[in-house]
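Biologist: I would like to go through this structure with you, term by term. Please tell me what stands behind each word.

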2 protein chains.
Amino acid sequence: MANSRKVIEFFYDVVSPYSWLGFEVLCRYRNVWNVDVKLRPAFLAGVMQGSGNKPPGLTPNKFLYMAKDLHRLSQYFQVPLNVPSNPFEAMFEKGTLSAMRFVTALQESEVGGDKQVEQVSRELWTRIWSLDKDISQPGSVSEAAVKAGLSASDVEELLKLSTSKQIKDKLKSATQEALDHGGFGFPLLVCHVNGKAEVFFGSDRFELIAHCIGEKWVGPQPTAAKL
Amino acid sequence: MANSRKVIEFFYDVVSPYSWLGFEVLCRYRNVWNVDVKLRPAFLAGVMQGSGNKPPGLTPNKFLYMAKDLHRLSQYFQVPLNVPSNPFEAMFEKGTLSAMRFVTALQESEVGGDKQVEQVSRELWTRIWSLDKDISQPGSVSEAAVKAGLSASDVEELLKLSTSKQIKDKLKSATQEALDHGGFGFPLLVCHVNGKAEVFFGSDRFELIAHCIGEKWVGPQPTAAKL
């Protein structure tokens, strides 16, 4: 029955490296667990501001730990993540507003699934969180989108659409939804099981999520593990 | 060979509920993994101050999430944790300085292991994080210690010892060691493997810790799981 299938909404922003880890794990498990994954591009800076939360990296010991933690997790999760040479510039000065508007415009346009949203998001993460490249300029976003398989003309149209009021409002509304779910950071996972929404923050609750939705966690690489 | 055995130092304070979860998991795994666990009672408020970190619960959405997260984790970890009716009073106004000095005095006095340190710590956590009882008064600490199996005369002696300069300095020095390891919160786990120290924060990295020390993670209840 279609309505017995569980749904996991995944609120994310490509500014967030922990979101990338969670995204890849979820993209792997969507083919293994009995779940529908709904990618929900949103704007992390808006969630931080709306909830009054502060970026964790502002405490020096925490920043150093996070860099180490991300390095270890990237190896264990097999996600090629590297901290940019100037993370504060990349995350806070340049930011990801235009990139996330582009992903939102793509999601609005894509029909029959979210394969392109998945691929473009991955290419944007790869630029900022693996290759230390810009994603704040239209040319940078275009490069990522073309690499993800979009045509140059589609990209041009999406760049235009992404500055429209409709798309700005859609991103705002997704961000507000994350706040309404009690969000204060990303990734935010909203699991809909038996008509109830269970909200999880971060990429370190998958074992608990599996337990809550009645599925099995076998580590970050389910196809390599014995199921 | 004695020197091939891995060592995990566990820095904690009974003010921290996530430390309780990590503590119980580690107490279970110390009988399963090829590791020596060294309990390191320390003072969380000192680590927060020394690292410039702020308690996470000050952001309203984060506080609400943590309460939910702790509830779910306590069920999954099978640790009978309940958030006190006034967590801010229990954690910040009353605090745990005298309780952690008592545990430090006990560790200084105990010979042949740390079974009593383990049991008294558990009783203190049970009071503050399960039964919503005070642990800031000498009478409260005594009750916990007697419940853990200590004699009334031993408790009296330890209460006296716990206000000595020697014990105050020992707790300060453990707290400083946690800071020197890059700590900014508890629990802090320092894994010594092949002459190298790997530092982990929180109770949600056990799967990664197992991977790093070459052991197997089978969930929070290893004796119930198939190994």
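Modeller: What follows is a set of questions about terms, each answered with values.

Biologist: What should I know before we start?

Modeller: This is a predicted model, where local features need pLDDT of at least 70 and side-chain atom pairs count only at pLDDT 80 or more, while totals for chains, interfaces and linings use all residues. Residues are numbered from 1 along each chain as its sequence is written, chains are lettered from A and ligands numbered from 1 in the order in which they are written, and side-chain values use heavy atoms, with hydrogens and water left out.

Biologist: What makes chain A and chain B count as being in contact?

Modeller: Contact means heavy atoms within 4.5 Å. By that rule, 31 residues of chain B are in contact with 31 residues of chain A.

Biologist: How do you know how much area chain B and chain A bury?

Modeller: Interface size is often given as the accessible area lost when the parts come together. Buried area is what two parts lose on being put together, summed over both, with a 1.4 Å probe. Here the two chains bury about 2600 Å². Carbon and sulfur atoms carry 50% of it. On the chain B side, B:Tyr65, B:Arg72 and B:Tyr76 lose the most area to chain A, together 23% of what that side buries.

Biologist: How do you know that the copies meet through the same surface?

Modeller: Compare the two lists of interface residues. Of those in chain B, 100% are also interface residues in chain A, so the copies meet through the same surface.

Biologist: Why are the two copies said to be related as by a two-fold rotation axis?

Modeller: Two copies of a chain are related by a rotation about an axis and a shift along it. The superposition is by least squares on the C-alpha atoms of residues with pLDDT of at least 70 in both. A rotation of 180° with 0.0 Å of shift along its axis puts chain B on chain A, with an RMSD of 0.0 Å. The two copies are therefore related as by a two-fold axis. Of the residues of chain B, B:Asp204 comes closest to that axis, at 3.1 Å for its C-alpha.

Biologist: Why is the pair A:Arg205 and B:Asp204 called a salt bridge?

Modeller: The rule asks for a side-chain nitrogen of Lys or Arg within 4 Å of a carboxyl oxygen of Asp or Glu. For A:Arg205 and B:Asp204, the N to O value is 3.0 Å. The pair therefore meets the rule. It crosses between chains, from the loop between strand 4 (196–201) and helix 10 (206–213) of chain A to the loop between strand 4 and helix 10 of chain B. Helices (H or I, at least four residues) and strands (E, at least two) are DSSP runs, numbered from the N terminus. A:Arg205 also forms a salt bridge with B:Asp69, at 2.9 Å between the closest N and O atoms. Across the interface the rule finds 8 salt bridges.

Biologist: Is A:Arg205 buried or exposed?

Modeller: Buried means under 20% relative accessible area, exposed over 50%, and partly exposed in between, using a 1.4 Å probe and protein chains only. A:Arg205 is at 7%, so it counts as buried. B:Asp204 is at 26%, so it is partly exposed.

Biologist: What makes A:Arg72 and B:Glu198 a salt bridge?

Modeller: Their side chains meet at 2.6 Å, N to O. The pair runs from helix 3 of chain A to strand 4 of chain B. A:Arg72 is buried, at 6%. B:Glu198 is buried too, at 14%.

Biologist: What does the salt bridge between A:Asp114 and A:Arg30 tie together?

Modeller: The closest N and O atoms of A:Asp114 and A:Arg30 are 3.2 Å apart. A:Asp114 lies in the loop between helix 5 (97–109) and helix 6 (115–129), and A:Arg30 in the loop between helix 1 (17–29) and strand 2 (35–41), so the pair ties together parts 84 residues apart in sequence. A:Asp114 is buried, at 14%.

Biologist: Why is A:Arg5 called partly exposed?

Modeller: Its relative accessible area is 32%, so A:Arg5 falls in the partly exposed class. A:Arg5 lies in the segment before strand 1 (6–12) of chain A.

Biologist: What makes the pair A:Arg5 and A:Asp36 a polar contact?

Modeller: A polar contact is a pair of N or O atoms within 3.5 Å; within protein, one must be able to donate a hydrogen and the other to accept it, and residues adjacent in sequence count only if both atoms are side-chain atoms. The side chains of A:Arg5 and A:Asp36 are in polar contact at 2.8 Å. The side chain of A:Arg5 also reaches the backbone oxygen of A:Val35, at 2.9 Å.
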